[in-house]
Amino acid sequence: TGIDDPYEVPENPDVEIEGGQKIGVNLDVAGGSSGSGLFDTSGRIIGVLSSGWGCDLGYSATAIMLNDPILIPDPPTERRVMVVLDRSGSMSESAGDGKIKIEEARKAAELFVSLLRESTGNEAGLVSFATTAGPAADAALSPVDAAKKQQIINLLPGLTPGGRTTIGGGLDVARTEFPLPGAPPRAILLLTDGMENEPPMISDVAGLDQIDITAIGFGTESNLDGPRLTDLAQTHDGFYK
């Protein structure tokens, strides 16, 4: 074109090492190049673009990054977990987003079970509740493998809404599935849509000590006893969503 290329790279760009941590370079690159490499004349990567603008770029020195300690996370803790699912009549209502509560709860339970790691020490089971729960679990607590996951998933479509709500009853049946405290830790995943209105109530259930409980609510705040479910989860090292 007869004019200088504004993006032409200088034959010998200045390179300055600042304190061994940053490599400063007086050239420009296209926007969005953060994370790209800087190579020496032998083709070795010596830095990664981390900051700067036109002709004043800063590359994080590879040597420094490689010397940083890499923290290896602890391996995941295996657990014994009971899924406790509400199939009371109000679960046939809208979840507030055009979807049906029981359908959303089934999907959530299926996703959770499908993600459990197999043959590593995890155990799982299922309890459903409405006016009553049990007297036995829908799927007894046992080691997680492909067959166990499929057993629980196959039960979910048959959990149809009807009756009142005994959250305490569901928790109590789940509790009886667990052996005495010990490894692996015990946990309950509670999927419910509303306020308990049939005994046993949550407050009636003994023996939930040392069992982690996480509660997931379906529907709107007006038909969820958020404070009660929050207290249940927080007093058992879990959370309420």
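Trainee: Which side chain does Glu196 join in a polar contact of 3.5 Å?
Mentor: A polar contact is a pair of N or O atoms within 3.5 Å; within protein, one must be able to donate a hydrogen and the other to accept it, and residues adjacent in sequence count only if both atoms are side-chain atoms. By that rule, the side chain of Glu196 pairs at 3.5 Å with the side chain of Arg228.

Trainee: Before we go on, what kind of model is this?
Mentor: Residues are numbered from 1 along each chain as its sequence is written, and side-chain values use heavy atoms, with hydrogens and water left out. Local features need pLDDT of at least 70, side-chain atom pairs count only at pLDDT 80 or more, and totals for chains, interfaces and linings use all residues, as this is a predicted model.

Trainee: Which backbone nitrogen lies 2.8 Å from a polar atom of the Glu196 side chain?
Mentor: Glu196 sits in the loop between strand 9 (186–192) and strand 10 (211–217); helices (H or I, at least four residues) and strands (E, at least two) are DSSP runs, numbered from the N terminus. Contact means heavy atoms within 4.5 Å, and beyond four places in sequence Glu196 touches Thr165, Ile167, Gly168, Met201, Ile202 and Arg228. The nitrogen at 2.8 Å belongs to Ile202.

Trainee: Is Glu196 buried or exposed?
Mentor: Buried means under 20% relative accessible area, exposed over 50%, partly exposed in between (1.4 Å probe, protein chains only). Glu196 has 14% relative accessibility, so Glu196 counts as buried.

Trainee: How far apart in space are Gly89 and Ala140, C-alpha to C-alpha?
Mentor: Gly89 is in the loop between strand 6 (80–86) and helix 2 (101–115), and is partly exposed at 25%. Not counting residues up to four places away, Gly89 touches Pro161, Gly162 and Gly163. Ala140 is 51 residues from Gly89 in sequence, and the spatial separation is 24 Å.

Trainee: Which residue does a cis peptide bond join to Pro184?
Mentor: Pro184 is placed in the loop between helix 4 and strand 9. The bond has an omega of about -10°, and the partner is Ala183.

Trainee: What is the phi of Gln210?
Mentor: Gln210 belongs to the loop between strand 9 and strand 10, and counts as exposed at 62% relative accessibility. Although Gln210 is not a glycine, its phi is positive, at about 65°.

Trainee: Stepping back, how many helices and strands does the protein chain have, and what is its radius of gyration?
Mentor: The count is five helices and ten strands. The radius of gyration is taken over C-alpha atoms, and the globule rule is 2.2 Å times the number of residues to the power 0.38. That rule gives 18 Å for 241 residues, and the chain's value is well over it, so the chain is more spread out than a compact globule: 28 Å.
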